[in-house]
Amino acid sequence: MTRRPLELFAVDGLVEPEEAEIARTVRRFAEDRLRPEIADWFEAGTLPVRELAKEFGALGVLGMHLDGHGCAGTNAVSYGLACAELEAVDSGLRSFVSVQGSLAMFSIHRFGSDEQKREWLPRLAAGEAVGCFGLTEPDFGSNPAGMRTSARRDGADWVLDGTKMWITNGSVADVATVWARCIDGRDDGVRGFLVPAGTPGFTARPIPRKLSLRASVTAELVLDGVRLPDSARLPLATGLGAPLACLNEARFGIVFGALGAARDCLESTLDYAVHRVQFDRPIAGFQLTQQKLADMTLELGKGWLLALHLGRLKDAGAIRPEQVSLGKLNSVREAIAIARECRTILGGSGITLEYPVLRHAVNLESVLTYEGTSEMHSLVVGQALTGLGAFR
Ligand code: TGC
Ligand code: FAD
C-alpha cells in the first residue's frame, strides 16, 4: 500500500472545507477533461484555447480571486489550490488561467476605468473573451524598466509602437494589456493600454518550435502605429509599479502551481516504483530509491506548507512582494529538481509521453524563467535582506 506524499504532512487539516471543495472540483475537471488529452496537445504543440476558455469560465476559475463583474471572489488560498490542480496536469493549463485571471483581468480590475471593467471583465471571466499581457520585449526581459515600446500623444489619441515577446495567449487573445513608455514630453512613465485584437497596426505571430510549454500559445506582438483613444489607457496605472503589481498575482499562482506539477511527478513515480521489478524486487524496495522518495517528499511538503502560509498572508492582506519571490523561487526550483529525480526512477519509461514526468520537467524550464527568473527572485530576496539592490 502506498500513501500520497502530502498525507505525511497532514496538509488537509490546514485547509478550510470550502477551499478543499474548490480544489476537489477543479481536480475532477482537470483529471476527467484535461488529463486524457494533455499528452496529445503537448505532442501536437497546441491548445484548444477558445474551447477551453469557455469551460474554464464555466468552472469559475478565470479571475476567481477577483470580486464583482462575474468573478467568483474566492480567497487566495482557493485560487492557489486551483492553480496546483491545473498544473498537476500541465503547466500550460495553469499558465492560461494565470495570464487570463492574474495578468489580463487583474490589470483591468486594479487599474482600469469602470467602463473598461464593464466591457471586459464579465466576458473574460466567462471565457467568452481571451486576454494576454505584454510586458516583455525582445531586448528587455528581466529588466522591463528599459522597455522601448512607446506611447505618443497625438491630439486626443495615443499612438503605440514597439514589439512584445514571449506573450502567452498573444495570438489568440481578444484583448491585450500592453505596457508602453509614454513619450509626450512632460512624462516618460510606463502606462498600460488595452489593445483589442484587429486594431490596425497590431499583429501577433505565434512562436513555433517550442520544446517547453508546448500545450500553451506563445506569441510575438507587433505594434506599428497603433492608434488608440485615451479611453483605452488604464487610468490608474502610472509607472512600472503597475505591471509589477500584476506580476505579484501571477507569481502567487505559480507558488502553488509548480508544486502541483511536482506532486503529480512524485505520485506517478511512486506508483511506478512499487510495480516496477528489477533484481526480483520492486525498485521502491531499494534503499537508494527510498532515499530519493523521502527527500522529494520532504521538499514537496515543505514547499506546500510555505505556499499555504503565503496564501494565509495574502488573504490577510499582509503579503509583501519579496515573500512572493521567496515562494516562487522555492516552488519552481524544488519542482524542477523533483521532476528530474523522478525521471531517473522511471528509467527509460521516463523519457516518453506515457508518463507525465519529463513533460512536467521541460514545462518547468519555462516556469523557472517567466514571471521573473530564479536569479531575479534571488536578487529581490537579497535586496530585502541587505537593503542593497544588486540588479544593476
Ligand atoms: P524598481 O525600481 O525596483 O521598481 C519600480 C517601481 O515598482 C515597484 N515595485 C513593485 N510593485 C509591486 N510589486 C512588485 N513586485 C514590485 N517590484 C517593484 C517599486 O516599488 C517601484 O515603485 P515606485 O513607486 O518607487 O516607482 O524596478 P527595477 O527596474 O529595479 O526592477 C526590479 C525587478 C528586477 C525586480 C523587476 O524589474 C522584475 O521583477 N523583473 C522581472 C520581470 C518579470 O518578471 N517579467 C515577467 C513578464 S510577464 C510573464 O512572464 C508572464 S508568464 C505568464 C504565464 O504564462 O504564466
Ligand atoms: P533575460 O532577461 O535576457 O535573462 C537571461 C538570463 O540572464 C537569465 O538567467 C537571467 O536571470 C539572467 N540575468 C538577467 N539580468 C541579470 C542580473 N541583473 N543579474 C543576474 N542575472 C541576470 N512575458 C510577458 O510579458 N507576458 C507573457 O505572457 C509571457 N509569457 C511567457 C511564456 C513563456 C513560455 C516564456 C518562456 C516567457 C514568457 N514571458 C512573458 C517572458 C518572460 O517573462 C521572460 O522570458 C523573462 O522575464 C526573462 O526574460 P528574457 O527571456 O529576456 O531573459
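The second largest pocket is lined by 16 residues, and those nearest its centre are Val11, Asp12, Arg27, Glu85 and Arg263. Among the elements, α1 (17–44), α3 (76–89) and α6 (241–275) each give two or more residues to this lining. The most comes from α1, with four residues. By class, the lining has eight nonpolar, eight charged and no polar residues.

Before I continue, a word on the model. It is predicted: local features need pLDDT of at least 70, side-chain atom pairs count only at pLDDT 80 or more, and totals for chains, interfaces and linings use all residues. Residues are numbered from 1 along each chain as its sequence is written, chains are lettered from A and ligands numbered from 1 in the order in which they are written, and side-chain values use heavy atoms, without hydrogens and water.

Now to the terms. A pocket is an open set of points on a 1 Å grid over the protein atoms alone, where a 1.4 Å probe fits, with protein on both sides within 12 Å along at least five of seven lines; lining residues have an atom within 4 Å of a point. A volume is the space filled by probe spheres set on the points, which are joined across faces, edges and corners. Helices (H or I, at least four residues) and strands (E, at least two) are DSSP runs, numbered from the N terminus. Ala, Val, Leu, Ile, Met, Phe, Trp, Tyr, Cys and Pro count as nonpolar, Asp, Glu, Lys and Arg as charged, and the others, Gly among them, as polar.

The volume of the second largest pocket is about 430 Å³. Between which domains does this pocket lie? Domain 1 (5–130) and domain 3 (241–386) both give residues to its lining, so the pocket lies between them. The domain bounds come from an automatic or database assignment.

Let us turn to the largest pocket, which holds about 1400 Å³ of space. Of its 46 lining residues, Thr136, Gly141, Tyr370, Glu371 and Gly372 are the closest to the centre. Six elements, α4 (91–111), β3 (157–168), α6, α8 (321–346), α9 (357–369) and α10 (374–386), supply at least two residues each. The largest share, six residues, is that of α6. By class, there are 22 nonpolar, 17 polar and seven charged residues in this lining.

The strand β3 also brings us to the strand pairing (at least two DSSP bridges between two strands). Strand β2 (residues 150–154) is joined to β3 by five bridges, and the two run antiparallel. Asp154 has Asp157 of β3 as its bridge partner. The two strands form a hairpin with two residues between them, and Gly155 in the turn has a positive phi of about 65 degrees. On β4 (residues 175–182), β2 has a parallel partner, joined by two bridges. There, Ser150 stands opposite Arg181.
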